[in-house]
Every structure is written in C-alpha cells, then in structure tokens.
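Colleague: Before I rely on the labels attached to this model, I should like to hear the reasoning behind them.

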Amino acid sequence: MTFGAPDAGRTRTAFTAMPCQICGQPLDERAFVIVRPTDEANGYSPEPALHPECLPYTAAHCPMLNGTATRYRRRPVMATHPAGRPCSDPACPYPAYSGESQSPARSGQLAERYEAWMLRTSDYQLVLSGDRSTAGAQADNPSNTPVGISLGVAILRKRLLRKAALPPEAQRALDLLRALGL
C-alpha cells in the first residue's frame, strides 16, 4: 500500500467490518475519524476509523497530519490499474487512475485543517456511493460501495490535529509577528 493511495478492498473491509485502520483490531466502544472541512461539508469522513490509542501514532507519523506535508501531491501515485490494464468491471476494488491527479481539486493545494472526531461505535453509520444522502443503508448491494463514515451522529469530542497550511507570504508575516512578541 502507498501513502495517499489506500487499497480500495482494504478500505471497504475497514468500513464494513470495523477494524481500526492502523492496528487492524476490532474497534471498541469509541473510535476516532479524521475530518477535514471538506469532509464536514460532505457529511462523511472518507477515512476508516481508528482506536483512540492509535490516534497519537497516526498524528505523529502521517506527514499530512503532523504538518510535514504542507501541500497535497500534484501527481497521481499510480497511472494505471495495479494489474497494468484497464478495468471495466464495475465491482473492481481499484479506482480508475489516469495521468491526472487523483483529486484535481486538491492537486498541489495547501493542506487543509485536520481534526479527529470521536464517536461511539454504536453510532457508526456508513455513507454509500449509491445514495450518499442515506447513511447506514445496507452495504449488501454491490453498487452501494461505502465511501465513508457519517458525521451526522453524536460527536463526543473534537481534537485539532493540524491547522490549515498558510501561503508562504502569510506564514512569513505570522513569523515576524511572533518574533516581535505580538
């Protein structure tokens, strides 16, 4: 697996079987989901959940979460299907990659704010591709692939993981203000 290009089959399993995306053990009573402002607006987190105990490891080692990466990548991780051929199977677990970025809207853009939201696993609801407005619909239908975890549930706690990256000129101005003690 490559950072930034999760295996679609493993992601689907993590959504439906509910193991922690980091350690693979079953989620307990509470879990965290990683949330960006975009995810909040969409109403779901596209990341599988993780244990509260696994969050510090993730926050420390993920370049996007720890602030090491200030921009999203400009190029795709893979240019073709992993088998090196086009895949016309609608149930294929791999997304269709092209020569363009995997997320053109974010390609090269500054990193967003990231938070970890704690929820009860009893409130865990999937959002499916067939009807993103219906969280918790049956995942039995192959056309309804899980796309994320609903954020329309009771959130127990929110934790800031990183602030949005600033443009270089804004960062320089902020650094000057801090140096002046303002």
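This is a predicted model: local features need pLDDT of at least 70, side-chain atom pairs count only at pLDDT 80 or more; totals for chains, interfaces and linings use all residues.

Colleague: Why is Thr-58 called buried?

Modeller: Thr-58, found in helix H3 (residues 55-61), has a relative accessible area of 11%. Buried means under 20%, so Thr-58 is buried. Thr-58 also touches Ile-22, Leu-50 and Leu-65, not counting residues up to four places away in sequence.

Colleague: What makes the contact between Arg-36 and Asp-39 a salt bridge?

Modeller: The closest N and O atoms of Arg-36 and Asp-39 are 2.6 Å apart. The cut-off is within 4 Å, so the pair forms a salt bridge. Arg-36 counts as buried at 10% relative accessibility, and Asp-39 is buried at 3%.

Colleague: Why is Glu-29 called exposed, and why is Arg-30 called partly exposed?

Modeller: Exposed means over 50%; Glu-29 has a relative accessible area of 54%, so Glu-29 is exposed. The value for Arg-30 is 35%, which lies between the limits of 20% and 50%, so Arg-30 is partly exposed. These residues form a salt bridge, with the closest N and O atoms 3.8 Å apart.

Colleague: How do you know that the span of helix H5 agrees with its number of residues?

Modeller: Helix H5 (residues 168-179) has 12 residues, which at 1.5 Å a residue should span 16 Å. The end C-alpha atoms of H5 are 16 Å apart, so the span agrees. H5 is followed by Gly-181, whose phi is positive, near 80°.

Colleague: What makes the charged end of Lys-158 sit over the ring of Trp-117?

Modeller: The charged end of Lys-158 is 4.0 Å from the centre of the Trp-117 ring, and the distance limit is within 6 Å.

Technical notes. Residues are numbered from 1 along each chain as its sequence is written. Side-chain values use heavy atoms; hydrogens and water are left out. Helices (H or I, at least four residues) and strands (E, at least two) are DSSP runs, numbered from the N terminus. Buried means under 20% relative accessible area, exposed over 50%, partly exposed in between (1.4 Å probe, protein chains only). Contact means heavy atoms within 4.5 Å. The expected span of a helix is 1.5 Å times one less than its number of residues. A charge sits over a ring if NZ of Lys or CZ of Arg is within 6 Å of the ring centre and within 35 degrees of the ring normal. A salt bridge is a side-chain nitrogen of Lys or Arg within 4 Å of a carboxyl oxygen of Asp or Glu.
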